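Okay everyone, thanks for coming. I've got one model to walk through today, so let me put it on the screen.

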Amino acid sequence: VVLGTPVRILKKEHGYYLVQSPDRYISWTDDAGITKMNEKSLNEWLNADKIVYTAEYGHSYEKASLKSMPVSDLVAGNIMKFIGKEHNFYKIAYPDGRIGFIPKKSGMFYKNWVARPNPSAEDILKNAKMLNGVPYLWGGTSIKGVDCSGFTKTCYFLNGIIIPRDASQQALVGEKVDIYENDTVNINKCLKNLQAGDLLFFAAGKNRRPNPKITHTAIYMGKGEFIQSAGSVGINSIVSTSDIYDSFGSRTLVCARRILNSIGTPEISRVDQHPFYKPSSK
């Protein structure tokens with residue numbers, strides 16, 4: 001998770017919290033990375049005016065000046081409380097109470113960020129291309145590094161959409177796209193039926209065992225090309241005559257899902273409709 005993500009604490013053990021994130025993922029995290037809030041303080045945070053960091057990468061500063069001491073680095077998608085304005089800066093507060101300043105051009109008011117229309121394929125691919133060249137990092141979901149499903153998740157989240165965390169979970173949501181001919185993935189059918197923004201799923205054990213586990217995902221771009229985090233984020237193709245042909249990816253492709261047509265379902269939620277981001281009505 002990135003800064004400003006609400007998580008549900010399930011238990012604490014040996015300096016770690018077991019938490020659930022908005023995408024329903026459950027895992028352990030260092031307690032130093034969590035700011036605990038009771039229901040009242042959480043509701044205050046959720047009801048407050050907030051700023052979403054929209055630049056790819058940058059810093060907050062102790063004063064409204066780029067020459068002042070940094071408070072911390074920031075990545076796209078970070079959410080902070082809005083305190084006020086000073087010159088060309090927003091004054092913001094972190095969940096742990098730290099205060100900082102960010103250039104206005106680096107942020108967007110949360111209420112405007114979540115009110116955007118559902119994204120188009122072009123919107124998703126714009127963020128995907130922004131991450132081009134970013135190194136693969138297991139567990140990563142930001143410009144600092146992404147794993148394969150962290151990459152797809154992040155491209156949707158930056159457009160205000162929450163999808164499941166892992167590739168095997170993402171492969172169960174959205175609309176199934178038919179890419180098979182006689183029980184075999186058919187490239188011509190892929191080119192005919194796939195649309196930009198669809199998610200592709202791969203199984204390294206394909207052809208070696210029945211019902212192989214999905215181990216990788218990517219975003220389809222059109223004309224046989226897809227963008228993935230594998231070593232680093234880059235563009236490849238399922239077309240064998242292409243200069244960027246990915247033989248392994250083409251051989252291990254097992255299914256595809258259309259996410260954009262299913263926004264609003266429990267598994268593919270807008271941020272503004274997700275219970276983790278909505279104040280309690282009590």
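So, here's something to start with: which element gives the most to the lining of the second largest pocket? Keep in mind that we're looking at a predicted model. The answer is H3, which puts four residues into that lining.

Let me stay with the pocket for a moment. The space in this second largest pocket comes to about 340 Å³. It has 16 lining residues, and the ones nearest its centre are Arg116, Lys126, Asn127, Leu158 and Asn159. If you ask which elements give two or more residues to the lining, you get strand S4, residues 50-53, along with H3. Sorted by class, the lining has eight nonpolar residues, five polar ones and three charged ones.

Now, the other thing about H3. That helix, residues 121-130, packs with H4, residues 148-157, and the axes are 8 Å apart at an angle of about 125°. As for handedness, their crossing is right-handed.

Who's actually meeting whom? On the H3 side we have Ile124, Asn127 and Ala128, and on the H4 side Phe151, Cys155 and Tyr156. The residues of that contact split into five nonpolar and one polar, with no charged ones.

Notes:
Residues numbered from 1 in each chain as written. Predicted model: local features only at pLDDT ≥ 70, side-chain atom pairs only at ≥ 80, totals over all residues. Heavy atoms only, no water. Axes fitted to C-alpha atoms, helices over the stretch in contact; angles between N-to-C directions. Left-handed = near helix turned anticlockwise from the far one by under 90°. Contact = heavy atoms within 4.5 Å. Nonpolar A, V, L, I, M, F, W, Y, C, P; charged D, E, K, R; others polar. 1 Å grid on protein atoms, 1.4 Å probe; cavity = no way out; pocket = protein on both sides within 12 Å on 5 of 7 lines; lining within 4 Å. Points joined across faces, edges and corners; volume = space filled by probe spheres on them.
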